[in-house]
Amino acid sequence: MEDKYDGLRELINLGKEKGYLLFDEMKEILLNDIHSSEDLDNIVYLFGDAGIEVINFEQQLEAIKQKIRPKTGENDEDEGPELTAQSLEKTSDPVRIYLREMGTVPLLTRQGEVEIAKRIEKGQRTVLKALSHSPVVVAEILKYGENLKKDELNIKNLLAFNKDERTDEILGKRRRKVLRRINEIGALEAEATKIKKRLSKFKKNSRTYKRLLSQ
């Protein structure tokens, strides 16, 4: 981004020195050269990552100065009303509106990224578990195995490979490994089918039924 926009380094240095940037400063140096909303997103994120807050209005600047002043604990009730988005000056400038809305959304922290990654991973495991319990999915997997054995399906069309993995040796090993796994799935499915038939012979509250069900 710094190579693409000549004034970006100047803005970062200025923002680090003051701890904030005025919108007008940003607009004067940089915004006329920005033609992509994605670049604007990245630049705003870059400022936030550097600890630089973009101040859209003079009222916000005064509010920030008030925040950094040490509180004495006296006359706290005499403080002015809290600054809200409604109290800021209205504008039709889309960039000002964008920055104002961005200022209301907290940046994602490292801890937040880890938490989201864990939630995604947990969700993927839940989906895989649900799919693995579906007889339709099992039947499709077994069908893939039959097509692999008959060379009607290429292993490259079933699995993801890097460019350096597309050698005959590696493709052959992966094909054999997949076929072994599918054979294991087939054997487990056949055993499960037998257990399902036995289940119908026992009452649902009996110990035998519960044991077979868990299998």
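Biologist: Why does Asp151 count as exposed?
Modeller: This is a predicted model, and in it Asp151 has a relative accessibility of 60%. The cut-off for exposed is over 50%, so with its 60% Asp151 counts as exposed.

Biologist: Where is Asp151 found, and what is its phi?
Modeller: Asp151 is in the loop between α7 and α8. Its phi is positive, about 60°, although Asp151 is not a glycine.

Biologist: What makes Arg175 and Asp151 a salt bridge?
Modeller: Their side chains meet with N to O at 3.2 Å. A side-chain nitrogen of Arg has to be within 4 Å of a carboxyl oxygen of Asp or Glu, so 3.2 Å qualifies.

Biologist: Why say that this pair ties parts of the chain together?
Modeller: Arg175 sits in helix α8 while Asp151 is in the loop between α7 and α8, so the bridge links parts 24 residues apart in sequence.

Biologist: Is Arg175 buried or partly exposed?
Modeller: Partly exposed, at a relative accessible area of 24%. Buried would need under 20% and exposed over 50%, so 24% goes in between.

Biologist: How many salt bridges turn up in the whole structure?
Modeller: A search of the whole structure gives 5. Lys143 with Glu140 is one of the pairs that form a salt bridge, its closest N and O atoms 3.3 Å apart.

Biologist: How do Lys143 and Glu140 come out on accessibility?
Modeller: Lys143 has a relative accessible area of 44%, and Glu140 has 34%.

Biologist: What makes Glu113 and Arg110 a salt bridge?
Modeller: The N to O distance between their side chains is 3.6 Å. That is within 4 Å, so the pair passes. Glu113 and Arg110 are 3 residues apart in helix α6 (residues 110-132), which means about one helical turn separates them.

Biologist: Which class does Glu113 get, and which does Arg110 get?
Modeller: Glu113 comes to 32% relative accessibility and is partly exposed. Arg110 reaches 63%, and since exposed means over 50%, Arg110 is exposed.

Biologist: Let's turn to the inside. Which residues make up the largest nonpolar core?
Modeller: There are 11 residues in all, among them Leu8, Leu11, Ile12, Leu40, Ile43, Phe47 and Val54. The elements giving two or more residues to this core are α1 (8-18) and α3 (37-49), and α3 has the largest share, with 4 residues. Another core lies apart from it, of 8 residues, including Ile155, Phe161, Leu171 and Leu179.

Biologist: Why would nonpolar side chains be together like that?
Modeller: In soluble globular proteins, nonpolar side chains tend to be buried together.

Biologist: What share of the protein is buried?
Modeller: Of the 215 residues, 23% are buried.

Biologist: What about the second largest pocket: what is its volume?
Modeller: About 490 Å³. It is lined by 17 residues, the closest to its centre being Ser132, Val138, Leu188, Glu189 and Ala192.

Biologist: Which element gives the most to the lining of the second largest pocket?
Modeller: That's α8, with 8 residues. Helices α7 (135-149), α8 (168-199) and α9 (207-214) each supply at least two.

Biologist: How does the lining of the second largest pocket split by class?
Modeller: Into 10 nonpolar, 4 polar and 3 charged residues.

Biologist: And the overall layout: how many helices and strands does the protein have?
Modeller: The count is 9 helices and 2 strands, running α-β-α-α-β-α-α-α-α-α-α from the N terminus.

Biologist: What fraction of contacts joins residues 24 or more positions apart?
Modeller: Taking contacts with a separation of 6 or more, 53% are between residues 24 or more positions apart.

How values were computed. Residues are numbered from 1 along each chain as its sequence is written. This is a predicted model: local features need pLDDT of at least 70, side-chain atom pairs count only at pLDDT 80 or more; totals for chains, interfaces and linings use all residues. Side-chain values use heavy atoms; hydrogens and water are left out. On a 1 Å grid over the protein atoms alone, a cavity is a set of points where a 1.4 Å probe fits but cannot get out, and a pocket is an open set with protein on both sides within 12 Å along at least five of seven lines; lining residues have an atom within 4 Å of a point. Grid points are joined across faces, edges and corners, and a volume is the space filled by probe spheres set on the points. Ala, Val, Leu, Ile, Met, Phe, Trp, Tyr, Cys and Pro count as nonpolar, Asp, Glu, Lys and Arg as charged, and the others, Gly among them, as polar. A nonpolar core is a set of buried Ala, Val, Leu, Ile, Met, Phe, Trp, Tyr and Cys residues joined through side-chain atoms within 4.5 Å. Buried means under 20% relative accessible area, exposed over 50%, partly exposed in between (1.4 Å probe, protein chains only). Contact means heavy atoms within 4.5 Å.
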